[in-house]
Amino acid sequence: MKRRTVATQISFALYSATNRMVRLHKPFLEPLGLTFPQYLATLELLDSAPLPVGELGARLDMDTGTITPLIKRLEAAGIVTRTRDSADERRVLVDLTPGGRALEAEVRGVTDKIKSACQLTQKGLDDLRRTLETFAHPADE
């Protein structure tokens, strides 16, 4: 049997955890008509809309080639609008529609459902989030 290196074990653990998190969200997001990345974008917009496309992508750590089609799908679903920034025509602002805002309670409610599904205490979830944030964005970057 091959021995796994520490890096491989960490990579596998992160990959498995990511897949589990997406699977846990799926039954809660399907009734809302949202995919996991669309859910993350909607959450960010609930807190900060309107946002320029580039800033939304940066906050979600998505490049333009990923965020633009995601926003177009949300727009087609009637959840967001895209408009040119009147102060700078080069920028496109993304905002929630009234229909998108109407999803707020349901979208925000997913967090508590996931907390229950993960079977972690609030402290455990906070510790895990801090560890993952430190891993994803080390101080020396």
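The largest pocket in this predicted model is lined by 36 residues. Those that lie nearest its centre are Met21, Phe36, Leu40, Arg129 and Leu132. The volume of this pocket is about 1700 Å³. Elsewhere in the model, three strands form an open sheet, and helix α2 lies across β1, β2 and β3.

**The largest pocket**

- Five helices, α1 (6-29), α2 (36-48), α3 (53-59), α6 (104-118) and α7 (122-136), each contribute at least two residues to the lining of the largest pocket.
- Helix α7 provides the largest share of this lining, namely nine residues.
- By residue class, the lining consists of 21 nonpolar, five polar and ten charged residues.

**The sheet**

- Strands pair through backbone hydrogen bonds, and the pairing in a sheet may be parallel or antiparallel.
- Here the order of the three strands is β1-β3-β2, and the pairing is antiparallel.
- Strands β1 and β2 are at the edges with a single partner strand each, so one side of each has no neighbour in the sheet.
- Strand β1 (residues 51-52) is paired with strand β3 (residues 88-96) over two bridges; Leu51 has Val94 in β3 as its bridge partner.
- Strand β2 (residues 80-85) is joined to β3 by six bridges, and Asp85 stands opposite Asp88 in β3.

- Helix α2 lies across β1, β2 and β3, and runs at about 100° to β3.
- Helix α4 also packs on the sheet, where it touches β2 and β3. The direction of α4 makes about 120° with that of β2.

**The contact of α2 with α4**

- The packing of two helices is described by the angle between their axes and by the distance between the axes.
- For α2 and helix α4 (residues 64-76), the axes come within 10 Å and cross at roughly 80°.
- An angle of 65 to 115 degrees counts as roughly perpendicular, and α2 is therefore roughly perpendicular to α4.
- On the α2 side, the residues in contact are Pro37, Gln38, Ala41 and Thr42; on the α4 side, they are Leu70, Arg73 and Leu74.
- The residues of this contact comprise four nonpolar, two polar and one charged.

Notes:
Residues numbered from 1 in each chain as written. Predicted model: local features only at pLDDT ≥ 70, side-chain atom pairs only at ≥ 80, totals over all residues. Heavy atoms only, no water. 1 Å grid on protein atoms, 1.4 Å probe; cavity = no way out; pocket = protein on both sides within 12 Å on 5 of 7 lines; lining within 4 Å. Points joined across faces, edges and corners; volume = space filled by probe spheres on them. Helix = DSSP H or I, 4+ residues; strand = E, 2+ residues; numbered from the N terminus. Nonpolar A, V, L, I, M, F, W, Y, C, P; charged D, E, K, R; others polar. Axes fitted to C-alpha atoms, helices over the stretch in contact; angles between N-to-C directions. Parallel < 35°, antiparallel > 145°, perpendicular 65-115°, else oblique. Contact = heavy atoms within 4.5 Å. Pairing = 2+ DSSP bridges.
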